[in-house]
Amino acid sequence: MSLATSETSATGRQIPDRLKSAMQRFLGSWELLLLVVAVAVFTINSFASPYFLDPWNLSDATFNFTEKAMIAFAMALLIISGEIDLSVASIIAIASTAMGFAVQMGADTPVLVLIGLGVGLACGAFNGVLVTRLGLPSIVVTIGTMSLFRGLSYIVLGDKAYTGYPPGFAFFGQGYVWWVISFEFVLFAFLAIVFAVLLHRTTFGRAVYSIGNNPVGALFSGIRVPRVKFALFLLTGLMSGVAAICLTSRLGATRPSIAFGWELEVVTMVVLGGVSILGGAGSIPGVVIAAFIMGMVTFGFGLLNVPGIVMSIFIGLLLIAVIALPRIARQVMARRKA
Amino acid sequence: MAMLANTQGIDDVHPKPGERNVDETALPVMTLTGISKSFPGVKALSGVSLQLHPGEVTALVGENGAGKSTIVKILTGIYQPDEGEIAIAGHSVNFPTAQDAGAAGVTAIHQETVLFDDLSVAENIFIGHAPRTKFGLIDRKEMVAKARALLERIGAQIDPHVTLRELGIANKHLVAIARALSIDAKIVIMDEPTASLSHKEIEETYALVERLKAEGKAILFISHKFDEIFRIADRYTVFRDGEMVGAGLISEISERDLVTMMVGRSVDQVFPKRTPQLGKEVLKVVGYSHPTEFEDIGFSLREGEILGFYGLVGAGRSEFMQALFGVTRPSKGAIRIDDRIAVIRDPNEAIRQGIVYVPEDRGKQGAVKGLPIFQNVSLPSLGETSRNGFLRLAEEFRLARDYTRRLDLRAAALDQDIGELSGGNQQKVVIAKWLATKPRVIILDEPTKGIDIGSKAAVHEFMAELAAEGLAVIMVSSEIPEILGMSDRVIVMREGRIAAEFEGADLTPEHLVRAAAGITETDI
C-alpha cells in the first residue's frame, strides 16, 4: 500500500486512520445490497397488486414484522457475540400464558405489562445462567428451554385459551398513534434506534463485537465476557417479553401455540440482515431493512393469495440467494482477474 | 506382519540401559547434507547436516529457535528445504508432502501428538491404511487384531477398542508409536516425548525407546533434558542459530561441553545497552500456588527493572503469569501492588490495578482478529476514550495513532483488520494496547517468539525504553540470548517451582540451563 510507505519520520510512520471514505464503505456494504432488494420487492409488489400502495394496507403490512423485529434486534447482538437463543418464541408463549393467568386473577393492564416483561427477563436470566455459569453451549441450552417454556404453557392451558384481556391492554397491539401509524410501528422504530445506538455507539456494543470475533482475546483485553453475555440473554428475554405483550394484545387471546416457529423467522431476519451466524459481524440497519423485506414479501404474497407454504419457500430461497450472491460475485471477479 | 515377535523375545535382545553397543562403522540409514531453509526475514537453517543410524538414538540438542523444529518439519514433508539433499539408504529422496515422508518410512511423535480423540485406538493406529475386506470395506476384526498385536509388541496394555480420549498422554504416545510401527517406519522422530509426562511414564518411554532400538529403528530424539540425553542417546547433534555446531558419540562428550556447545559464546543479536535505574518496589508476590500448575512462587519487582523468567516448556511460567493477570485464580498466595494488597479476580481487575500481560499465544489471546487495529488498541482503554459509555471514535484514533507510532507499526491504515498484519506487527499492536492503559507492571510472555528479526529488535528496544521510563517489566523467555541480553535479574522455574535466581556475574548461560534442567553442580 503506497499510503503506508509514502511518509516516514524519525518517530515512526504516519499511518492514515482510514483507507476508504464513508461513501466508499457504504457502496461496498451489505446494507446497500439489502436496500436494493427492498426497493425491488416494493416495486414488484406495487405492480403486482393494485391494493399494495393503499396507506392502510401498508400499515397493516408492518404488523408482519414489527414484533419479530423487536426480538431480532436483541438476537442480532446475541448472534454477533457468538451465542444464539432459540427459545424466544417459547418465551412469548410462557409470558403470554402468565399474563392470561393474571387476567383470570383480575390483574389490570400495568400489572400485565410488568408480568410480561418480568417473565421475559426471568427466562432470559435462566438461559444466561446456564450458558455463562455452567459453560453450556447456548444452542443446546435454548433448544432445551424452547421445549421447556412452551411445554409449561401447554400444561397450564391444554387446549383452552385465555381471553378477556382488559380494554386498555388492546392499545399495544391494536392502537394507532397518528393516522395509519400504529403504536407497534412507533415502538419498532424507537427500538431500532435504541439498539443501533447500543451496538454501534457504546462501549457495550464494542464489547459484543470483540467477544464475537475472539472471546479469549476479549477476555485477555479486560472485557468481562460472562457479564456481557449474561446481559445479552437478559436483553433477548426482555425483548421477547415486549413482543409477547404486543402479540397478545393484538390477538386478544393466549393459546399455547402462540408465535409457534417464530424463532426461525427471527434468526432468518437477523442472518438476512447481514449478521454473521459465526459471530463478530453485522449491523442493526441491516436487520431493519431485512425486517422490511420479509414483511413486504409476506404481505405482497398475501395480497396475491399465494399460499403460506409458497411464501416460506420464497423466504428460504431469498435467504440463500442474498447470502450466496456476494460470494458468487467475488468468485467471478477473482476468475476474471486470473 | 512378519515382525510380530512376542514381547519376551525382544526383551532378551535389547541392551540393558547404560550399556552401549555403538557400531561406529555402521552406515547411516538417513543422511541430510547442506540443508538450508529461509523464511521471510529469518534464516532458520543454514547448511546443516544430520545422520541417523539404524538401531541408534541420535539426540538433537539446541535452544528454542535453533532450528530443531524446522528440521523435523523438513524430515516429515511439511517444509521443503531451499537447498541440500536428503538421502535414505544412499538414495536421494524428497518429500513434497507429509504422505511422501510417511511412505519413505519417516514418522514423528510430537509433544502434542496429532491423533483423533473420538476414534478408537485401533482406528487411530490404522487410519489411512486400514485392512480391507474383499468388498473394500474396513475389516474391523483384522484391524483390531493387528492393533492388539502391535500394542503387545511395544508392551502397551491398551484395549484397541477404547476411544483415544480416555487415555492419558503417555498412553497416547504409545498409540502414536504403534501407529509408527504399523506403517513400518524406519526412522522415528521423537520431539520432546517426555515433556509432559510423570516420572513413571518417563521410565516407560525410555523402555520403549530401547525396544525400538532393538528393532533396528533409527531414532531422532529431541530433548532439553540433559539427564535423559545422557541416559538413552548414542549420538548427539547440536544446532545453534540454524547451524550445526557439533556431532559425535555421547560417550565421548561431557555434559558441560554439550551445554557450552549448545549455548555458544556468540550472541549475534544486539541488545540495547541499558543502565537500570531501579526505583521503589512495585510488585510483591508471596506464596502464589495453584493445585496443579505452580507452587509457592514469590518475588519482588522494582520500578525500572526487567525481571526474566527462564525455564523449560511446561515449567509453569505462563500458567503463573496468567494467574497474576487474573485469567485463573491461585489457590493460595497474595500480591501487593505499591503499598496495597491486591485481589485480582479477572483480567479486567488486573488491568485496573496496573498489571498487563502480552500473551505467548498472540493469535488467540493477544490480537482480536476481525477488529480493526485502532479498536484493538482502544479495547482495554474504552473507559478512557468513551464518555458515559458512548464511544468517541476520534479519541480512539488519537490513542491508536500515538501508541502505534511509538512502536513504529507498519500498516496500511488504522482501520485495517489486525489479522491482516504480520506476526511482528500484530505484536506491536498488542503492546500498544497495553501501553495505552498506562500500566505499572507489564508481563511479556515469549515476546519475540515467531516474529522476524527486525520486529524482534524493535520489541527489545522498546522494552528497554519502558524500563527506563520506570515501568516494571517481567519477561518470560525460553531464548537464552534474549534472557541474558535483556534481564537485570532472572528467576528460573522448574516443574512449577522457583529453582534458582541469578543476577550480575552469576547470570551465565550454564547456570540457567543447569537450573532449568535440574542439574546440580556436583553432577558435573
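1. E303(B) sits in the loop between strand 12 (297–302) and strand 13 (306–311), and R440(B) in the loop between helix 16 (423–435) and strand 17 (441–445), so the pair ties together parts of chain B that are 137 residues apart in sequence. A salt bridge here is a side-chain nitrogen of Lys or Arg within 4 Å of a carboxyl oxygen of Asp or Glu. Helices (H or I, at least four residues) and strands (E, at least two) are DSSP runs, numbered from the N terminus.

2. Before going on, please keep in mind that this is a predicted model, in which local features need pLDDT of at least 70, side-chain atom pairs count only at pLDDT 80 or more, and totals for chains, interfaces and linings use all residues. Residues are numbered from 1 along each chain as its sequence is written, chains are lettered from A and ligands numbered from 1 in the order in which they are written, and side-chain values use heavy atoms, without hydrogens and water.

3. Chain B has another pair to look at, K172(B) with D117(B), a salt bridge at 3.4 Å from N to O. K172(B) lies in helix 6 (residues 169–182) and D117(B) in the loop between strand 6 (106–109) and helix 4 (121–126), 55 residues apart. K172(B) is partly exposed at 24%, and D117(B) is partly exposed at 29%.

4. Turning to chain A, the side chains of E67(A) and R250(A) meet in a salt bridge of 2.8 Å, N to O. This pair links helix 5 (residues 66–80), which holds E67(A), with helix 13 (residues 225–251), which holds R250(A), 183 residues apart. E67(A) is buried, at 1% relative accessibility, whereas R250(A) is partly exposed at 28%. Over all chains, the structure holds 33 salt bridges.

5. Finally, chain A as a whole: its secondary structure comes to 16 helices and two strands. Buried residues make up 49% of its 338 residues. The C-alpha atoms of chain A fill a box of roughly 75 × 55 × 35 Å along the principal axes.

Notes:
Buried means under 20% relative accessible area, exposed over 50%, partly exposed in between (1.4 Å probe, protein chains only).
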